[in-house]
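Open the model in your viewer and keep the selection panel at hand. The stops below say what to select next and what is there.

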Amino acid sequence: MFKKVRGSSLAYILILPAFALILIFTLYPFGRALWTSFHRINPVLPGNPFVGFSNYTSVFSSYYFVKSLRNTLIMIGFTVPIITIMSIAISRLLIENFYGRGILRPAVLIPWVIPSAITGLIWQWLFNGSYGAINALLSRMGVISDYIPWLTEVLTAKFAVMVAFIWAQLPFPIILMLAAMTAIPSDLYDAAKVDGATAFDSFRYITWPHIRTMAVIVIIYETLTAFTSYSIPYAMTGGGPGTATSMISYYIWSLSFDQLQFGKGAALAAIIAGLSLIFIFAIIKAIPSEIMLEEE
Amino acid sequence: MGGENWKRVIVYISAVLVFLFTFGPFVGVFLASIVPETALITRPPAWFSKGFTLANYRYIFTGDIPKGFATKGTARSRVSQEALQIPRTLANSFIIAFGTMLVNLIFGSMAAFAYSRLRFPGRGETFMFILLSRLIPLVALAVPYYLIIQTLGLLDTFWSLIMIHSVLTLPFTILILTVYFRGIPEDLEDQALVDGCNQFQMFLRVIIPLSLPSLVAAALFSFMLSYSEFLFGLLISSTTSTKPISVVLSSLSNNPDVSISLLNSSIIVAIIPSIILAIVVWRFVIQDLILGALKG
């Protein structure tokens with residue numbers, strides 16, 4: 001080990017710029033949000049009186065909170081398993097040798113780099129009820145005779161938002177799964193073949209044990225993302241029809257910036273942060289220990 | 001042998017399906033950007049009946065109003081001056097993303113060097129803090145971030161967005177650079193020190209050249225995240241002199257004076273850099289760094 005260090009001052013100078021920046025932009029917002037959540041902050045009313053937990057209780061008991069939390073949980077319940085299974089299947093496909101693999105591999109990555117606000121715009125047009133591409137294509141193929149109002153009916157709007165979310169979220173899990181699958185020594189598969197194992201057997205006994213940890217990471221990461229993101233549904237449907245696609249994180253935005261009820265917005269943010277913390281601890285438990293710094 | 005053939009068939013069918021799902025939306029958006037508005041909104045759909053035109057692209061970059069604008073009735077092309085903001089805001093997005101990338105490379109590699117090579121009190125704790133800071137939901141930080149930027153007098157400046165985007169990307173940069181730096185053999189550094197280099201020279205001449213792939217990775221990821229970011233761009237930037245393109249596109253989509261084909265042309269202009277980036281990320285980062293490192 002490298003021990004010729006003159007004290008620790010060099011280390012502190014090196015980490016200072018990055019650490020200070022992150023510290024300022026983490027501790028202050030955290031404290032500020034917590035303080036706000038216990039006060040009534042309203043630009044129209046004078047003073048910022050301390051109101052205890054009343055912001056929290058009024059958020060918890062609001063109709064919109066229950067509704068948007070339910071929508072968010074339904075979204076998680078459908079999209080996270082689908083994303084996980086699809087990412088395993090597509091990664092399995094991408095490690096095969098086939099003509100065109102060199103095109104498909106970067107192609108599956110592209111949705112990842114599209115800004116999510118733009119992803120919402122693209123899918124809003126694709127699913128548009130009167131001139132969208134999906135209606136045009138389906139009617140051209142003779143599948144439908146009347147255009148489907150995808151984004152203005154409760155069930156189809158939920159469906160459309162989930163499709164767009166899955167599309168945008170798939171690339172990152174695919175990369176993780178691909179990395180995990182590439183790391184599996186190929187002689188394991190050769191040996192299994194010699195022993196007469198079926199494709200299902202080699203997936204069950206060789207592939208799966210090697211990607212299990214990654215699958216857990218993907219599930220938790222995607223749950224966290226689905227829980228805190230709202231830009232795609234917001235761009236596509238504005239949360240509608242009614243409240244059918246309203247997400248819990250968007251409720252923070254709407255409380256704070258549309259209704260200017262910063263106290264309630266902060267209380268909801270704290271509630272969401274608390275719930276996220278549970279996911280965070282789960283992530284730490286699941287992450288392979290070599291990623292974290294080993295302390296000797 | 002029959003089994004092998006069936007496998008080929010399944011591989012190719014699923015490859016085509018995956019390609020259609022991930023890339024199909026872009027094909028739709030691109031087609032809609034080069035056909036006249038009238039072809040898009042007729043029923044039954046007749047996208048290819050009216051020829052192709054690049055008029056929308058010409059309008060975005062030169063301000064020449066498309067010919068379809070003169071058509072009478074609902075089918076005429078609608079244009080808005082707002083679309084003319086695209087070239088300027090595209091440049092803004094690049095400036096912000098480039099600044100974020102530089103901050104990440106300089107501050108990130110400094111911190112990562114300290115965490116990978118030096119022992120100092122608080123090393124594990126500060127590293128953990130940096131990693132965990134990123135897991136707080138963004139929307140919960142919006143108001144406090146706005147207040148910090150306001151206090152610093154940096155509203156509507158490039159600096160503020162570069163700063164915020166750096167806070168969001170530095171944890172990831174520091175993580176991947178630390179992991180990578182740790183993999184560089186320390187003999188090389190000892191050799192450099194014996195040859196009379198000081199620690200700083202050693203860092204510049206040994207560590208930096210050897211870790212070029214991971215630096216490229218960190219640079220591209222931070223660029224990409226910054227380019228995609230929407231929420232803080234919306235909050236902090238109020239004029240076209242600093243607005244990122246994602247914000248302009250989202251307001252274009254709500255502008256009734258913008259035709260479908262003009263909006264789709266704008267989307268294509270905005271995502272071309274992302275698509276190029278995806279190909280570069282795949283070629284130089286994932287293929288070589290992640291998959292290559294695991295195989296080797």
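**Stop 1**

Eight residues of domain 1 of chain B are in contact with ten residues of domain 2 of chain B, contact meaning heavy atoms within 4.5 Å.

Some ground rules before moving on. This is a predicted model, where local features need pLDDT of at least 70 and side-chain atom pairs count only at pLDDT 80 or more, while totals for chains, interfaces and linings use all residues. Residues are numbered from 1 along each chain as its sequence is written, chains are lettered from A and ligands numbered from 1 in the order in which they are written, and side-chain values use heavy atoms, with hydrogens and water left out.

Stay on the domain pair. Together the two domains bury about 840 Å², and 58% of that is on carbon and sulfur atoms. Buried area is the accessible area (1.4 Å probe) that two parts lose on being put together, summed over both. Now colour the domain 1 side by class: four nonpolar, two polar and two charged residues touch domain 2 of chain B. The classes are nonpolar (Ala, Val, Leu, Ile, Met, Phe, Trp, Tyr, Cys and Pro), charged (Asp, Glu, Lys and Arg) and polar (the others, Gly among them).

Look for links across this interface. Zero salt bridges are counted between domain 1 and domain 2 of chain B; a salt bridge is a side-chain nitrogen of Lys or Arg within 4 Å of a carboxyl oxygen of Asp or Glu. Two residue pairs are in polar contact there, both residues at pLDDT 80 or more. A polar contact is a pair of N or O atoms within 3.5 Å; within protein, one must be able to donate a hydrogen and the other to accept it, and residues adjacent in sequence count only if both atoms are side-chain atoms.

**Stop 2: chain A against chain B**

Show both chains. Here 99 residues of chain B are in contact with 92 residues of chain A. The area buried between them is about 8,600 Å², with carbon and sulfur atoms giving 80%. Eight residue pairs are in polar contact between the chains, both residues at pLDDT 80 or more. Select helix α13 (residues 260-295) of chain B next: with 17 residues, this helix gives the most to the side of chain B that touches chain A. Helices (H or I, at least four residues) and strands (E, at least two) are DSSP runs, numbered from the N terminus. By class, that side of chain B has 73 nonpolar, 16 polar and ten charged residues.

**Stop 3: the salt-bridge network**

Which residues are linked in a network of salt bridges? Select Arg92(A), Glu96(A) and Lys7(B). Lys7(B) and Glu96(A) pair with their closest N and O atoms 3.3 Å apart. This pair crosses between chains, from helix α1 (residues 2-34) of chain B to the loop between α3 (63-94) and α4 (101-113) of chain A. Within chain A, the side chains of Arg92(A) and Glu96(A) meet at 3.1 Å, N to O.

Switch to accessibility. Glu96(A) is buried at 11% relative accessibility. Arg92(A) is partly exposed at 33%, and Lys7(B) is partly exposed at 34%. Buried means under 20% relative accessible area, exposed over 50%, partly exposed in between (1.4 Å probe, protein chains only).

**Stop 4: Ser226(B)**

Go to helix α10 (residues 212-228) of chain B and pick Ser226(B). Ser226(B) is buried, with a relative accessible area of 4%. Setting aside residues up to four places away in sequence, Ser226(B) touches Ile96(B), Ala97(B), Thr100(B) and His165(B).

**Stop 5**

Select helix α5 (residues 116-126) of chain A. Nine of its eleven residues are buried, including Trp123(A) and Trp125(A). Then select helix α12 (residues 248-258) of chain A. Nine of its eleven residues are buried, so α12(A) is largely enclosed by the rest of the structure. Among the buried ones are Tyr250(A), Tyr251(A) and Trp253(A). Finish at Leu260(A), which follows α12(A) and has a positive phi, near 55 degrees.
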